[in-house]
Amino acid sequence: MAEAGKLRFHVPEPEVRPGGTPDFSNVPIPKAGSVPKPPIDVDPREIRDLAFSIIRVLDRAGEAVGPWAGMLSDEELLEGLRHMMTLRAFDARMQMAQRQGKTSFYMQHLGEEAVSCAFRRALDKGDMNFPTYRQAGLLIADDYPMVTMMNQIYSNEADPLKGRQLPIMYSSKEHGFFSISGNLATQYIQAVGWAMASAISGDTRIAAAWIGDGSTAESDFHSALVFASTYKAPVILNIVNNQWAISTFQGIARGGAGTFAARGLGFGIPALRVDGNDYLAVHAVAKWAAERARANLGPTLIEYVTYRAGAHSTSDDPSAYRPKAESEAWPLGDPVVRLKNHLIHRGVWSDERHAQAETEILETVITAQKEAESHGTLHAGGKPSIRDMFEGLYAEMPPHLKRQRQQAGI
Amino acid sequence: MARKTMIEAIRDAMDVAMGLDERVVVFGEDVGFFGGVFRCTQGLQAKYGKSRCFDAPINESGIVGAAIGMAAYGLKPCVEIQFADYMYPAYDQLTQEAARLRYRSNGDFTCPIVVRMPTGGGIFGGQTHSQSPEALFTHVSGLKTVVPSNPSDAKGLLIAAIEDPDPVIFLEPKRLYNGPFDGHHDKPITPWSKHDLGEVADGHYTVPLGKAVIRRPGNAVTVLAYGTMVYVAQAAAEETGIDAEVIDLRTLLPLDLDTIVESVKKTGRCVVVHEATLTSGFGAELMSLVQENCFYHLEAPVMRVAGWDTPYPHAQEWDYFPGPARVGRALIATMEA
Ligand SMILES: Cc1ncc(C[n+]2csc(CCOP(=O)(O)OP(=O)(O)O)c2C)c(N)n1
């Protein structure tokens, strides 16, 4: 029995800080293949367990096992591997470009490549993602031109966003990638609105919302769950739990109990937790949720359990708040290595072909980079015009902006 | 053509817009089955069905956030915030999202939404049913801000707002819902049925955004007003006998600067009035513009009458509300300056 007395204030702390030895032994990791796959029209109350487990397909030996396995062909998996490797190579080059002063800012996906790359392949053309800044795999896996991404990062004369947006805040309606905003969580409820609109219009398209573990604490996360549940909106509510929000461990957003997935249960939204470093598992749950949405069965919440292996951004140094070797200790491993091993296990890939693919992909990225840089970088070469600063705010420029544009000398 | 209250005119505007364009959807707290706490959406759900007009959870950020997503999809949501005083939870969505979606995506996505909200005091609404937050919108690049003052304008402006390709904040002075109000709270109110501006044309028409109108022509001093203060200013002119030219701005942003400048150059004097608090209120912007554009025509300092810099009180309603006496004193002061 706890005794009454002076109250004590509680602030959650991660178990290990810099200098300590990383330890994930208390993170329960169910065996691959052990979580059942319910029918899409299951009563949400019957699958509450799924919000507390982790759906996994790839086992330690690189074999795909259990009810969530077997959805993708060799070709699709090889393509998935190429997408993840491309995103990783792209990240590395852009990170370097930032260090070289060619742009002001960059954010990597290191360790989280499977989440956005595999998810995109579970959606159809016309569906709309409402991403955060850490889902560029949605674009890569939809064959969005890498040069255009770089032009945006460089804010150069070919930047589709005319130099108005911070690097990586891409936008492409055509590729089902909603304009990224700097303020966290706002897009989560917008995704629900988009899905409601699709239902109102009797359309067949669905939406996908994206949020990080830290940002689930924002009010718009709550707004999105309320609206999604009330109107049974055809939306997939994705939470990428990479354990960290800048320097803040996930326990600050979540507290000590439950899981992020479990937050859906109070809203009557079926919730799945999945191994975010398992390309096959991510694809399988995304497909399940997409089918549910398309069948008018309403929203699904998915928590991707992964780890932010890189720094938060080019402005961040994680060694100030977490042990250096923590990412190596992460029990779900590396998504690229795991898919590679699986493909080798399937007999359609090898270490040699992997090394060769790495070289080829790097070449492609470098070629794209050269082309992008021919249009300029942040401080050198071609730039968007000052005119572009005034234009496009309203459909038609109001008189006061015309006056200001004139004052700016244009 | 029929006489309508401002409530009926606003409802008529939504009815017309919904009838013409099936992309127009209406939702908010209590707006569906019940028809809104001010009855502005009465009958719309019965007429257009629950997927066109529906009740929303009590979550302003959610209402506006969902509307933005719908607009990005291609609908034209016209949503209601029950009181302007409760728009703050949605402020993030309005200012950082709705206002900038077109700009930040370079037109890839746009946000043709209307956010209606009853505004203003004079109804014993106290601190959270009386606010006039227009300056918090006019300060935001990418939004348009409209404040109608009569049924005929309300309908035309609302249809124009719904048809506008950009986000519009539509502030409805709730003190004017049932009749004009000049600040004489002790006198019985005239219903719109007895007022010319209660005459509302049938069917589709628009009043263009960004165009002011002169409500009372005059030569002595220009009064810049909007919403309820239009009637207060007119009363102050009659009561002081000062030949004031009262301009009803109707749209605060984009602002009809030409009409303002032309009038002030003619009168050489200007008084700005609004219910909202004084400091950093929209009046400050109006004064600056008049000073910049009419300096050599001014014969007196530009003056301001506004709500005091306090939260809107309950018991002291009529000491707070800038009524005809205070506006009248400002008119006299500017004529004597
Ligand atoms: C409304 C808002 N508050 C704060 C920030 C600053 N900020 C940027 S990223 C970030 C951490 C987000 O963490 P998480 O949601 O876990 O996503 P991750 O970066 O791990 O992918 C913060 C606090 C912001 N961009 N917007």
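Visitor: How many bridges join strand β3 of chain A to strand β7 of chain A?
Guide: This is a predicted model, where local features need pLDDT of at least 70, side-chain atom pairs count only at pLDDT 80 or more, and totals for chains, interfaces and linings use all residues. Residues are numbered from 1 along each chain as its sequence is written, chains are lettered from A and ligands numbered from 1 in the order written, and side-chain values use heavy atoms, leaving out hydrogens and water. Strands here are DSSP E runs of at least two residues, helices H or I runs of at least four, numbered from the N terminus; two strands pair if DSSP finds at least two bridges between them. β3 (235–241) and β7 (300–305) run parallel, and the bridges joining them number 6.

Visitor: Which strands of the chain A sheet stand at the edges?
Guide: The open sheet has 5 strands, paired in parallel, in the order β1-β2-β3-β7-β6. Each edge strand has a single partner, so one side of it is left without a neighbour in the sheet. They are β1 (128–130) and β6 (271–275) of chain A.

Visitor: At what angle does helix α8 of chain A run to β7(A)?
Guide: Axes are lines fitted to C-alpha atoms, for helices over the stretch in contact (heavy atoms within 4.5 Å). Angles run from 0 to 180 degrees between N-to-C directions. Helix α8 (279–294) packs on the sheet and touches β3, β6 and β7 of chain A. Its direction makes with that of β7(A) an angle of about 170°.

Visitor: Is V232(B) buried or exposed?
Guide: V232(B) lies in helix α8 (229–240) of chain B. It touches F181(B), F321(B) and V327(B), among others, not counting residues up to four places away in sequence. Its relative accessible area is 0%, so V232(B) is buried.

Conventions
Buried means under 20% relative accessible area, exposed over 50%, partly exposed in between (1.4 Å probe, protein chains only).
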